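Please walk through this protein with the model open beside the text.

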Amino acid sequence: MPKMKTKAAAKKRFSFTATGKVKSAQAGKRHGMIKRTTKFIRDARGTTVLSEADAKIVKKYMPYNR
C-alpha cells in the first residue's frame, strides 16, 4: 500500500496544537475592512481553533500531522 498524500493547500493553511486541535487564520479579514466594526477587526486578530466538524475535514487532508 503506498503512502497517503497530504493536501498541499491544507499544509499551507492549517497547523495543529499540541493537543491535536486545528489552528487557522481568522476568516473575513482579506478585504472590506471599512464596513467591518472595530470590535470585529480587534476580535479577529491572530489565529483561531477550528470547530470539531471543520477540524475533522482538515485532518482527512493531513493524515500524518496528528
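The paragraphs below go from the strands to the core, and then to the pocket. The model is a predicted one.

Start with the strands. Strand 1 covers residues 14–16, and strand 2 pairs with strand 1 in the antiparallel sense. Three bridges hold that pairing. Look for F16 and you will find its bridge partner, V22, in strand 2. Strand 2 itself covers residues 22–25. On its other pairing, strand 2 runs antiparallel to strand 3, residues 47–49. Three bridges join these two as well. Here K23 stands opposite V49 of strand 3.

Now look at the turn between strand 1 and strand 2. The two strands form a hairpin with five residues between them. G20 sits in this loop. Its phi is positive, near 95°. Is G20 buried or exposed? The relative accessible area of G20 is 18%, so G20 counts as buried. The cut-off for buried is under 20%. G20 also lies 9.5 Å from A55, C-alpha to C-alpha, although 35 residues separate the two in sequence.

Which residues of strand 2 are on the covered face, and which on the uncovered one? V22 and S24 make up the covered face. K23 and A25 make up the uncovered face. S24 has a relative accessibility of 8%, and therefore counts as buried. What does S24 touch beyond its neighbours within four places in sequence? The contacts are R13, F14, T47, T48 and L50.

How many residues make up the largest nonpolar core? There are seven: A10, F16, V22, L50, A55, V58 and M62. The bridge partners F16 and V22 are both in this set.

Take A55 first. This residue is in helix 3, residues 52–61. A55 has a relative accessible area of 3%, so A55 is buried. Leaving aside residues within four places in sequence, A55 is in contact with V22 and L50, both of them core members.

Then take M62. Not counting residues up to four places away in sequence, M62 touches T6, A10, K11, F14 and F16. Two of those names, A10 and F16, belong to the core.

Helix 1 covers residues 8–13. A8 lies in this helix. Relative accessibility at A8 is 37%, which means that A8 counts as partly exposed. The C-alpha atoms of A8 and I57 are 14 Å apart, with the two residues 49 apart along the chain.

Finish at the largest pocket. How much space lies in it? The answer is about 190 Å³. Its lining is R13, F14, S24, A25, Q26, A27, G28, K29 and R30. These residues divide into three nonpolar, three polar and three charged. S24, on the covered face of strand 2, is in the lining. A25, on the uncovered face, is in the lining too. R13 and F14 also line the pocket, and both are contacts of S24.

Note on methods:
Residues numbered from 1 in each chain as written. Predicted model: local features only at pLDDT ≥ 70, side-chain atom pairs only at ≥ 80, totals over all residues. Heavy atoms only, no water. 1 Å grid on protein atoms, 1.4 Å probe; cavity = no way out; pocket = protein on both sides within 12 Å on 5 of 7 lines; lining within 4 Å. Points joined across faces, edges and corners; volume = space filled by probe spheres on them. Nonpolar A, V, L, I, M, F, W, Y, C, P; charged D, E, K, R; others polar. Helix = DSSP H or I, 4+ residues; strand = E, 2+ residues; numbered from the N terminus. Buried < 20%, exposed > 50% of the residue type's maximum accessible area, 1.4 Å probe, protein only. Contact = heavy atoms within 4.5 Å. Core = buried A, V, L, I, M, F, W, Y, C linked by side-chain atoms within 4.5 Å. Pairing = 2+ DSSP bridges.
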